[in-house]
Amino acid sequence: MTIDSHTHVESPLAHQFDDLEQQRAAADLGMWLFLATELMFFAGLFLTYFLYRLNDEAAFAAASHHLDVVWGTVNTAVLLTSSLTVAISVHAAQSRDQRKLTQLLAATIGLGTLFVAIKGWEYHGKYQHGLMPLMGLPFRWDVDSTRPGAELFYDLYYVMTGVHLLHMVIGLGLMLVLLVKAMRGGLLGDFATPVRMIGLYWHFVDVIWVFLFPLLYLIGAHP
Amino acid sequence: MTAALDRPTSVSPESVSLPKRHYLNSGYTVRSWLFTTDHKRIALLYLVSITAFFVLGGIAATLVRLDLMTPQADLVRSETYNKLFTAHGVIMIFFFLVPSIPAVMGNFLVPLMLGARDLAFPRLNLLSWYVYMVGGVFTLYALLAGGVDTGWTFYAPYSSTYSNTYVMATAVGIFITGFSSILTGLNFIVTIHKMRAPGQVWFRLPLFIWSIYATSIIMVLGTPVLAITLVLVGLERLLGLGIFDPRLGGDPILFQHLFWFYSHPAVYIMILPSMGVVSEIIPCFCRKRPFGYEFIGFSSFAIAAFSFLVWGHHLFVSGQSIYAGLVFSMLSYLVAIPSAVKVFNWTATLHKGSISFDTPMLYALGFVGLFTMGGLTGLFVAALAVDVHVHDTYFIVAHFHYIMVGGAVMGYLGAIHFWWPKMTGRLYPEGWARLSAILIFVGFNLTFFPQYILGYLGMPRRYHIYPPEFQVLNVMSSAGASILGVGYLFPLTYLIWSLFYGKVASANPWRAAGLEWQTPSPPPTENFARTPVVRHEAYDYPAIDNQQVEEGLR
């Protein structure tokens with residue numbers, strides 16, 4: 001876009017659009033469509049989970065009791081707070097408040113990193129308890145009758161939270177890019193679209209967690 | 001007749017020369033091609049790479065057909081044979097059929113037909129080509145390193161646990177290529193919604209755009225499901241999960257449900273764009289408005305919608321419940337309704353049209369015949385009881401080749417021939433082109449019709465060695481394949497020849513309707529000198545012809 005001219009003044013309007021309104025509408029529709037594809041991607045996992053849970057309710061309930069509801073709840077709170085900071089950062093970018101934008105993006109990155117760290121801590125605990133049946137690691141399970149189902153639950157637990165975590169890490173990378181741009185004074189006013197788009201992505205990843213958390217941790221949990 | 005001013009007019013051939021400045025000569029460096037964001041150049045990048053994949057898939061098919069000339073295993077060992085038909089399927093489906101018309105013709109035509117300067121996201125468009133190439137390289141690596149023997153369907157748990165071939169690399173390649181498909185579909189939907197020129201309302205859009213829109217919906221909603229399925233197969237191989245492995249509590253039938261949830265709609269990703277092409281060509285070469293424009297348009301959406309409801313007909317003999325089979329059988333019949341709507345509307349358009357049999361028209365008529373044939377045998381396999389008899393036999397092979405080769409490839413070649421003058425500014429030798437269209441039609445039928453009989457008599461698909469009584473039909477099929485192969489080589493030769501020696505084409509050599517014909521051939525980088533304003537209905541053929549008569553009298 002910027003290769004061809006030396007006297008180029010950066011314009012928020014790309015050459016293929018007639019006006020900013022059209023460009024904004026295209027970006028919005030594109031992002032929502034992309035999120036629809038992401039939803040279909042996770043839908044395959046949710047379907048698999050539902051089918052196997054229906055198939056072996058007892059094993060799944062027994063296996064889910066070994067997940068740590070407290071840390072799961074803390075993580076949910078951390079993630080939802082990060083969604084709040086993202087929402088305000090979009091507002092800050094649109095109202096050209098550079099200081100606030102940088103602070104909020106940094107806060108989001110901090111909260112996101114905290115989420116990843118807590119998740120890693122949880123994985124570590126599961127590994128120590130022998131609840132990680134991956135790559136030939138032993139699966140230590142004392143209730144014999146539910147063993148295959150419980151192992152399947154943990155398979156799905158790692159796939160679902162793992163794919164979600166991967167999305168978090170990608171989101172963190174995108175947030176870092178935004179932070180660098182914001183510190184250089186970009187992303188303000190008419191240039192705020194990337195903040196809005198990546199913000200939408202961040203909210204989507206949060207929403208997926210909002211479904212994963214009850215499915216994996218809460219259904220059938222003992223009081 | 002003031003409104004007629006911006007209708008296309010014919011130019012006498014002597015006065016035609018290539019425009020001074022167009023998208024092809026706007027830069028000659030490798031960089032100007034590899035970093036272009038011009039949708040027309042990206043379309044040509046796709047054209048070249050997709051043709052290469054077509055040749056590779058064709059070579060694998062040739063070897064398969066050669067080997068099947070005799071009942072014994074003469075040419076290759078059984079393991080190699082498995083790898084050959086897998087390579088053929090994987091390359092042709094994921095790297096040729098799915099991207100062919102959308103990525104080449106869609107990229108080239110969608111902005112031109114809408115009157116837009118480019119797609120909504122040009123850099124995303126370039127990215128999707130790179131993603132396609134990276135996926136292709138992974139898959140080719142798998143083939144060169146030793147091949148895959150699972151069949152293109154990757155049924156678990158064979159693919160996830162037992163196969164000792166390069167399943168991972170192939171799955172990664174297809175996973176990556178899926179994103180190219182998703183990004184292309186997303187770009188098209190946004191462009192069609194947001195980038196239409198003034199006056200280009202939905203019911204004036206060319207039917208090609210309607211079909212590309214319906215295709216894009218399937219791409220956007222279906223492809224991610226295939227992606228997650230391949231991720232699960234990959235993780236199962238890599239980490240030893242048991243999601244599809246019954247030994248570990250998993251369910252292999254679930255794999256088939258997830259796989260066909262994408263892969264049945266994928267068939268419509270291949271055929272819908274061809275239907276769009278035919279809906280452009282037939283009105284042009286019989287000089288009539290398409291009969292039932294709205295019906296042809298909406299039937300594309302109906303096919304897209306039904307496509308997501310019929311995957312279970314691939315599982316009739318896999319152990320799904322008989323009630324599920326009944327429902328899927330009934331739903332599968334429903335697809336016949338919008339498909340028949342299209343065929344009847346094309347036929348009604350032909351009725352009393354002043355038909356000329358130029359090359360694109362030959363391909364379009366070939367499409368209608370072969371698609372009808374493939375579609376009617378689709379009814380056989382949608383019927384629960386009949387399918388139990390012909391399931392996984394050569395009847396199925398013949399059926400889906402009639403749809404996917406007879407339909408999609410005929411449509412693709414028709415599109416290439418119809419828009420070649422627009423893409424390159426050159427005409428191809430008409431005689432050779434007609435000859436090759438006829439050769440392909442004859443070769444195709446000789447190849448695949450015997451396979452219907454083979455399958456009905458009970459020859460299973462994917463078998464390397466067969467009883468001697470099937471040899472006559474197999475030899476017929478292989479002979480047809482050689483004619484088909486020669487037929488494919490013709491366009492490859494004369495189209496390249498035409499780039500250098502072909503007659504220079506006018507802006508609108510077919511006197512066709514549609515915005516893409518109202519800009520020079522080849523078009524300038526920004527497509528239109530001024531943003532066009534659309535004041536006419538689509539396919540206003542009688543008006544175009546009347547205007548030319550008036551001009552002649554003047």
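A crossing of two helices is left-handed if the near helix is turned anticlockwise from the far one by less than a right angle, and right-handed if clockwise. In this predicted model, local features need pLDDT of at least 70 and side-chain atom pairs count only at pLDDT 80 or more, while totals for chains, interfaces and linings use all residues. Residues are numbered from 1 along each chain as written, chains are lettered from A in the order written, and side-chain values use heavy atoms, without hydrogens or water.

**Helices H7 and H8 of chain B**
- Here helices are DSSP runs of H or I with at least four residues, numbered from the N terminus.
- The crossing of H7(B) and H8(B) is left-handed.
- Their axes, lines fitted to C-alpha atoms over the stretch in contact, with angles from 0 to 180 degrees between N-to-C directions, come within 8 Å and cross at roughly 155°.
- That makes H7(B) roughly antiparallel to H8(B) (an angle over 145 degrees).

**Gln200(B), in the loop**
- Gln200(B) sits in the loop between H7 (167–194) and H8 (207–239) of chain B.
- At 4% relative accessibility, Gln200(B) counts as buried (under 20% relative accessible area, 1.4 Å probe, protein chains only).
- A polar atom of the Gln200(B) side chain lies 2.8 Å from the backbone oxygen of Met113(B).
- Leaving aside residues up to four places away in sequence, Gln200(B) touches several residues, including Leu114(B), Leu515(B) and Val534(B) (heavy atoms within 4.5 Å).

How values were computed: Helix = DSSP H or I, 4+ residues; strand = E, 2+ residues; numbered from the N terminus. Buried < 20%, exposed > 50% of the residue type's maximum accessible area, 1.4 Å probe, protein only. Polar contact = N/O pair within 3.5 Å; in protein donor to acceptor, adjacent residues only side chain to side chain. Parallel < 35°, antiparallel > 145°, perpendicular 65-115°, else oblique.
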